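I opened the model to see how the chain is put together.

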Amino acid sequence: MLLSSSVVFSVNGKPTLKTFKYLVLPIWWSDEDSSDSSLTMSPTHIQDIYNQNKQYYDDMSWGKMDVTFQVLPQTVFTISSASPTFDATYDAAKAIVDSLGYVEDEDFNGINLVYFTAKTGVFSGAGGWAEVNGRFMWMSYELALDVTRHEIGHNFGHPHHCE
Ligand SMILES: [Zn+2]
């Protein structure tokens with residue numbers, strides 16, 4: 001899915017597509033039970049899907065593009081699953097990344113929030129959202145290669161071609 005323009009965060013020009021590093025932040029919504037094993041995400045699954053994305057960009061750019069993903073530990077979010085918004089989740093994810101000491105454009109270029117589908121609102125459906133030509137992606141768990149690849153494409157400036 002493409003994020004509507006009202007919530008697209010502007011970046012200064014296109015990112016330089018040589019190296020791009022995502023911090024991947026898996027979360028529990030604040031009203032989810034973080035001790036429930038069915039709500040515990042598998043870091044191996046997440047890393048595996050992103051390794052395939054990394055390989056995809058490596059292959060299609062003849063080794064010139066290095067898109068990497070650092071998976072952070074699953075974290076209890078400050079936002080609940082009742083109609084979370086793009087703006088609130090963006091700010092909350094940024095705050096967590098800041099508090100961990102990661103500096104944008106030094107330690108990472110983009111953030112990928114990974115969540116279980118919310119009760120209501122824009123994150124209640126399986127799939128993902130991404131800013132076009134931006135640096136933030138929202139992905140529901142479990143991840144799929146085609147969906148993650150589609151959303152990363154939006155971050156890298158690709159609109160939908162046939163809609
Ligand atoms: Zn889309």
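**Entry 1**

I looked up Asp58 first: leaving out residues up to four places away in sequence, Asp58 touches Gly63 and Met65. Contact here means C-beta atoms, placed from the backbone, within 7 Å. I note that this is a predicted model, where local features need pLDDT of at least 70, side-chain atom pairs count only at pLDDT 80 or more, and totals for chains, interfaces and linings use all residues. Residues are numbered from 1 along each chain as its sequence is written.

The scale: buried is 20 or more other C-beta atoms within 10 Å of the residue's own, exposed is 12 or fewer, and partly exposed is in between, with C-beta atoms placed from the backbone.

Asp58 lies in helix α1. I take helices (H or I, at least four residues) and strands (E, at least two) as DSSP runs, numbered from the N terminus. Helix α1 covers residues 43-60, and I checked its length. Its 18 residues at 1.5 Å a residue should span 26 Å, and the end C-alpha atoms are 26 Å apart, which agrees. The expected span is 1.5 Å times one less than the number of residues.

I then listed the buried residues of α1: Ile46, Ile49 and Tyr50. They cover an arc of only 90° around the axis, which puts them on the same side of α1. The arc is that of the directions from the helix axis to the C-beta atoms.

What covers the buried residues of α1 includes β1, β2 (66-71), β4 and α3 (145-155). After α1 comes Trp62, with a positive phi near 50°.

**Entry 2: strand β4**

β4 was among the elements covering α1, and I went there next. Why is β4 largely enclosed by the rest of the structure? Six of the six residues of β4 (residues 110-115) are buried, so the strand is largely enclosed. Gly110, Asn112 and Val114 point one way, Ile111, Leu113 and Tyr115 the other way, and all are buried.

I checked the strand pairing, which needs at least two DSSP bridges between two strands. β1 (residues 19-28) runs parallel to β4, and five bridges join them. Tyr22 has Gly110 as its bridge partner in β4. β6 (residues 136-140) also runs parallel to β4, again with five bridges. Ile111 has Phe136 as its bridge partner in β6.

**Entry 3: the nonpolar core**

I define a nonpolar core as a set of buried Ala, Val, Leu, Ile, Met, Phe, Trp, Tyr and Cys residues joined through C-beta atoms within 7 Å. The largest one has 30 residues, and Val24, Leu25, Ile27, Leu113 and Val114 touch the most other members. The elements giving two or more residues to this core are β1, α1, α2 (86-99), β4, β5 (128-130) and β6. β1 gives the largest share, six residues.

I followed Leu113 further. Leaving aside neighbours within four places in sequence, Leu113 is in contact with Leu25, Ile27, Thr89, Ala93 and Trp138.

**Entry 4: α3 and what follows**

The buried residues of α3 are Thr148, Glu151, Ile152, His154 and Asn155. Seen down the axis of α3, they fall within an arc of 150°, so they line one face of the helix. They pack against α1, β4, β5 and β6.

Gly157 follows α3, with a positive phi near 105°. His158 lies in the segment after α3. His158 is partly exposed, with 14 other C-beta atoms within 10 Å. I took one distance: the C-alpha atoms of His158 and Glu131, 27 residues apart along the chain, are separated by 9.9 Å.

**Entry 5: the whole chain**

I count three helices and six strands in the chain. Along the sequence they follow the pattern β-α-β-β-α-β-β-β-α. Of the 163 residues, 30% count as buried. Among contacts with a separation of 6 or more, 72% are between residues 24 or more positions apart.

Last, I checked confidence: pLDDT is the predictor's confidence in each residue, from 0 to 100. The chain averages 90, and 88% of the residues score at least 70. Over residues 4-11 the pLDDT is below 50, and this stretch has twelve contacts in the model beyond near neighbours in sequence.

Definitions and conventions. Contact = placed C-beta atoms within 7 Å.
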